[in-house]
Amino acid sequence: MENKEEDVKVGANKFSERQPLGTAAQGDKDYKEPPPAPLFEPGELKSWSFYRAGIAEFVATFLFLYITILTVMGVNRSSSKCSSVGIQGIAWSFGGMIFALVYCTAGISGGHINPAVTFGLFLARKLSLTRAVFYIIMQVLGAIAGAGVVKGFEGNARYELFKGGANFVNSGYTKGDGLGAEIVGTFVLVYTVFSATDAKRNARDSHVPILAPLPIGFAVFLVHLATIPITGTGINPARSLGAAIIYNRDHAWDDQWIFWVGPFIGAALAALYHQIVIRAIPFKARA
């Protein structure tokens, strides 16, 4: 009996109690919370990396508008949806381009390509106000350039006939419907961005391989499938403004506020949810 009790003690020390599945790596020893970005960082203005990141945002948003608006124009000019890629193809072009462009630019600028994403990350203190404003300006300029090139290819008559890929609330829906669709759609996108790029989650779940651009692009694809019939899907104020400026018709401008207010509200809600509920940062600070 004594030998059996000794065996039990040795076994207990040798084989420690297992934690529930999925919680084994939840300790904070491999992760250190980075300090919040300063509100203003004048030193950035003297750094080449700052301007390089802005140029990357410009080029990425330019390419994003160029490919996606051309896809929209191609679907609209087809005599039958069956002879084109259809709504699913449009959704894939938006999601696929975000996947590719975030992959290309994430290491340079963070791969925002969207003022709503930039705004959400700014609220979470992931970047300074200086950088956020610069990114948004470059994103809008890139979107205008991309839509302008598409208009040059298509010609004025055809571009206007197919409404230039501009966003507006479709008939049968109210402006409230459009605003709600933009808020929820942007929430899905920005929440996915926060989750896919969370450094603590990557440290905790290092055994789960994840390629951040993939879920972000897939979120864009799914939101487009759901909301193209309502608003044509904005969830990106630069995309909506760039197309509206080049198209320049009243019905695009009448609804333009929806494609800024909605995404910014959705981004703010996603930032608050992730930082306060998921990460519980304010409660940790008190502790």
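Modeller: UniProt positions are given here in the numbering used for this structure, with feature names shortened, and such annotations may be inferred rather than shown by experiment. The model is a predicted one, in which local features need pLDDT of at least 70 and side-chain atom pairs count only at pLDDT 80 or more, while totals for chains, interfaces and linings use all residues. Residues are numbered from 1 along each chain as its sequence is written, and side-chain values use heavy atoms, with hydrogens and water left out.

Colleague: Which residues does UniProt list for "transmembrane region"?

Modeller: The unreviewed UniProt entry lists residues 50-69, 90-113, 133-153, 210-230 and 257-278 under that name. To set such spans against the model, one needs the helices (H or I, at least four residues) and strands (E, at least two), which are DSSP runs numbered from the N terminus. Residues 50-69 are 100% helix and 0% strand, with their end C-alpha atoms 29 Å apart. Residues 90-113, by contrast, are 67% helix and 0% strand, and their end C-alpha atoms lie 18 Å apart.

Colleague: How many helices and strands does the protein chain have, and what percentage of its residues is buried?

Modeller: The protein chain has 13 helices and zero strands. Buried means under 20% relative accessible area, exposed over 50%, and partly exposed in between, using a 1.4 Å probe and counting protein chains only; of the 287 residues in the protein chain, 44% are buried. For contacts, the criterion is heavy atoms within 4.5 Å. Among the contacts in the protein chain between residues at least 6 apart in sequence, 80% join residues at least 24 apart.

Colleague: Where does helix α9 bend?

Modeller: A bend at a residue is the angle between axes fitted to the seven residues ending there and the seven starting there. Helix α9, residues 213-231, bends by about 45 degrees at L225, and the proline P229 follows within four residues. The buried residues of α9 include F221, H224 and I228, and among the elements that cover the buried residues of this helix are α3 (86-105), α7 (175-196) and α12. Just after α9, G232 takes a positive phi of about 80 degrees.

Colleague: How many salt bridges does the structure hold?

Modeller: Side chains of opposite charge can pair when their charged atoms come close. A salt bridge is a side-chain nitrogen of Lys or Arg within 4 Å of a carboxyl oxygen of Asp or Glu, and the structure holds four. One of them joins the side chains of R158 and E154, at 3.0 Å from N to O. R158 is partly exposed, with a relative accessible area of 32%, whereas E154 counts as buried because its relative accessibility is 11%.

Colleague: Which distant parts of the chain does the pair R249 and E160 link?

Modeller: R249 forms a salt bridge with E160, the closest N and O atoms being 2.8 Å apart. This pair links R249, in the loop between α10 (237-247) and α11 (250-254), to E160 in helix α6, 89 residues apart. D255 forms a salt bridge with K175, with the closest N and O atoms 2.3 Å apart. This second pair connects D255, in the loop between α11 and α12, with K175 in helix α7, 80 residues apart. D255 counts as buried because its relative accessibility is 5%, while K175 is partly exposed, with a relative accessible area of 39%.

Colleague: Which residues form a nonpolar patch on the surface?

Modeller: Patches are made of residues with over 30% relative accessible area and no salt bridge, like charges being joined within 9 Å and nonpolar side chains (Val, Leu, Ile, Met, Phe, Trp, Tyr) within 5 Å. Accessible areas come from the Shrake-Rupley method with a 1.4 Å probe, and for residues only the protein chains shown count as cover. Here W257, V261, I265, L269, L272, Y273, I276, V277 and I278 form the patch, with about 750 Å² of accessible area together. Within this group, I276 is in helix α12, residues 258-278, and is partly exposed, with a relative accessible area of 35%. The accessible surface of the protein chain comes to about 15,100 Å², of which 64% belongs to carbon and sulfur atoms.
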